[in-house]
Amino acid sequence: MSALTTTPRGKTVPTTPTATPTTTRIAGSHILQASPHYTTTRRHSLYGTEDRVVVDPGSRIWKVGFSGEGRPRDVFYSDPINAEPLWGLSRASDAATRAEQDRLLEINIERRMRSVFHESLLTDPKSRKVILVEHPLLPLHIKEMFARVLFGNLQVPSISFAPSHLLSLLSVGRITGLVIDCGHLETAVLPIFAARPLFPHLRTTPLAGSRFTSHLRALLLLFGKYAPPPTNLTVVNPPLASRLTRVPQEILTPLLVEDIKTRCCFVSSVLEARHDIPPSSPTTSVSEADLPPESDAAVSESEFSRASASDVPESFVSSQPGASSDSGTGSESYLQALANLYTRYSSATDVRFRVVPPTSQQMGTGRGTLIVPGWIRERAAEVLFEGGDVDEGSVAEVILDALLKVPIDLRTTMASSILVTGGTAMLPGFIPRLHVELLRAIAPPGQPQQSSRHGRPAPPPYDRYAELRPLIPHFAILNNPAPQISASSSTRAKANAGKAPAYTPALMAWVGGSLAGALKTGGMEITREKWDEAFSSQNDDDEMAITAADSEQLLESIIPDWTRIPLPVGALSASAVSKPALAPSPHAQAIARA
């Protein structure tokens with residue numbers, strides 16, 4: 001038989017390149033890629049099931065994706081409607097109310113997890129191992145809910161719990177450092193040495209994204225301006241300046257405040273207004289309008305934002321700034337003085353937002369206009385750097401408190417390897433300002449104003465961080481976009497400042513989880529067989545009643561709890577520390593020698 005003739009074809013020009021830059025680079029290394037459209041040399045998640053699912057479930061924002069990838073596939077709010085956090089720092093005291101809250105929380109976690117696998121990642125959960133990026137202080141009952149949903153509902157093969165601070169440090173290629181996670185609910189500082197988190201030295205403060213959001217909302221209610229929509233489109237309306245009123249509370253929804261925070265706010269440099277205040281005359285004192293932000297004349301910014309976490313007092317909203325009232329005269333005058341001071345030294349411009357008007361003003365004539373003053377955009381984040389409180393230290397103070405707890409021989413290493421992560425740290429100018437605040441907090445305190453008290457010399461001021469002052473030349477932040485290197489900086493500080501990869505601070509923990517999953521070095525892994533075996537034995541034991549304490553002990557044996565780690569070898573027990581042995585009396589010593 002004669003061979004079949006082939007149709008002659010002309011020379012065609014390929015529409016796509018024959019090889020991507022990655023395949024060209026590795027052509028000589030005999031490594032076969034799964035697809036030429038991905039710049040990775042390993043099997044991609046679309047062509048195999050060896051990649052793990054990395055989930056970073058924050059209280060407010062979730063980040064999900066596959067291991068081995070440089071960024072998550074999806075980032076979304078845990079509550080897409082109201083942008084509220086799934087859980088908080090406290091639980092209800094009543095048992096029935098607490099059980100109802102836990103039941104609703106588990107339902108919401110199940111919905112989010114189903115959305116992760118079936119909408120965001122489009123993968124079968126039964127064939128994917130999961131790496132769960134967790135906060136070191138995440139409550140055990142929330143971890144149990146995640147495990148119950150993933151094992152019982154989605155039937156994943158295994159779950160690995162990994163601390164977020166350690167994964168953030170791994171994402172920049174280091175295993176030793178001091179990691180600051182400034183999230184939504186709280187700011188946590190954890191020292192890590194040789195990939196071992198030092199959990200007993202963990203320090204936290206509630207000054208984080210939630211406090212910043214409530215403070216921003218309170219400032220907008222007090223000093224923001226709102227122009228309602230025109231009442232009639234056929235009549236010439238008065239100019240905008242004549243229609244400005246106070247901001248209604250109804251228009252400041254959580255989504256709008258979050259939009260203002262992420263799009264408009266930034267962190268400015270330290271306001272050194274104390275040196276610019278003109279000296280007062282001998283007969284008159286400095287007016288309240290000239291008081292610097294650090295003054296203690298009235299309520300501080302942190303106290304004001306704490307009071308406004310749920311709502312702003314009526315005395316603030318109902319009256320104009322600076323007006324006197326019976327309940328808030330000192331607070332209002334101080335806040336108005338603060339606004340005058342910030343306005344005088346601010347160069348930021350005002351920003352206008354088109355917002356949905358309240359129900360009473362919705363007449364079909366358009367939207368209202370919200371005017372955000374420039375000084376609020378620039379100085380709303382000052383609440384994060386205002387310290388002095390024992391329970392609510394500033395972000396810089398919790399870093400120094402963690403360094404005080406670290407062993408002396410590790411302090412220099414930790415101070416020169418500081419890593420800042422978290423969503424709040426994404427504010428422009430936050431990391432350079434944090435470095436300045438560290439140097440200001442560690443500086444020697446000023447002299448007391450009173451030279452004597454009842455004829456006696458005044459006591460010396462309390463120098464809280466005196467033993468950390470030799471570390472000033474060693475302070476360096478790894479991901480500082482504008483490192484401040486001086487001649488007095490140490491060699492280690494010069495080598496570390498700003499040398500971390502330029503990852504977004506909010507994604508560092510997820511990137512570290514992706515790296516750990518690609519290297520098969522996740523945290524403590526819990527298999528579905530181990531989970532089913534433990535809880536099936538509990539369900540089969542009908543004769544013996546299982547108490548809540550037994551159930552909690554069973555969970556602790558399966559799910560890691562970083563707050564209850566074993567003591568190191570040679571450490572004293574709690575009873576020995578709380579009840580030290582008394583020294584024998586001289587009479588008893590004489591009897592013993594005899």
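The questions below take a few residues in turn.

Modeller: The model is predicted: local features need pLDDT of at least 70, side-chain atom pairs count only at pLDDT 80 or more, and totals for chains, interfaces and linings use all residues. Residues are numbered from 1 along each chain as its sequence is written, and side-chain values use heavy atoms, with hydrogens and water left out.

Biologist: Why is Glu392 called buried?

Modeller: Buried means under 20% relative accessible area, exposed over 50%, and partly exposed in between (1.4 Å probe, protein chains only). Glu392 has 10%, so Glu392 is buried.

Biologist: What makes the pair Glu392 and Arg211 a polar contact?

Modeller: The term needs a pair of N or O atoms within 3.5 Å; within protein, one must be able to donate a hydrogen and the other to accept it, and residues adjacent in sequence count only if both atoms are side-chain atoms. The side chains of Glu392 and Arg211 are joined at 3.2 Å, so the pair qualifies.

Biologist: Why is Gln155 called partly exposed?

Modeller: Its relative accessibility is 32%, so Gln155 falls in the in-between class. Gln155 also has a positive phi of about 55°, although it is not a glycine.

Biologist: And why is Ala195 called partly exposed?

Modeller: Ala195 has a relative accessible area of 31%, so the in-between class applies. Its phi is positive too, about 65°, and Ala195 is not a glycine.

Biologist: Which residues is Gly366 in contact with, leaving aside neighbours within four places in sequence?

Modeller: Pro229 and Pro357. Contact means heavy atoms within 4.5 Å. The C-alpha atoms of Gly366 and Pro229 are separated by 5.8 Å, though the residues are 137 apart along the chain.
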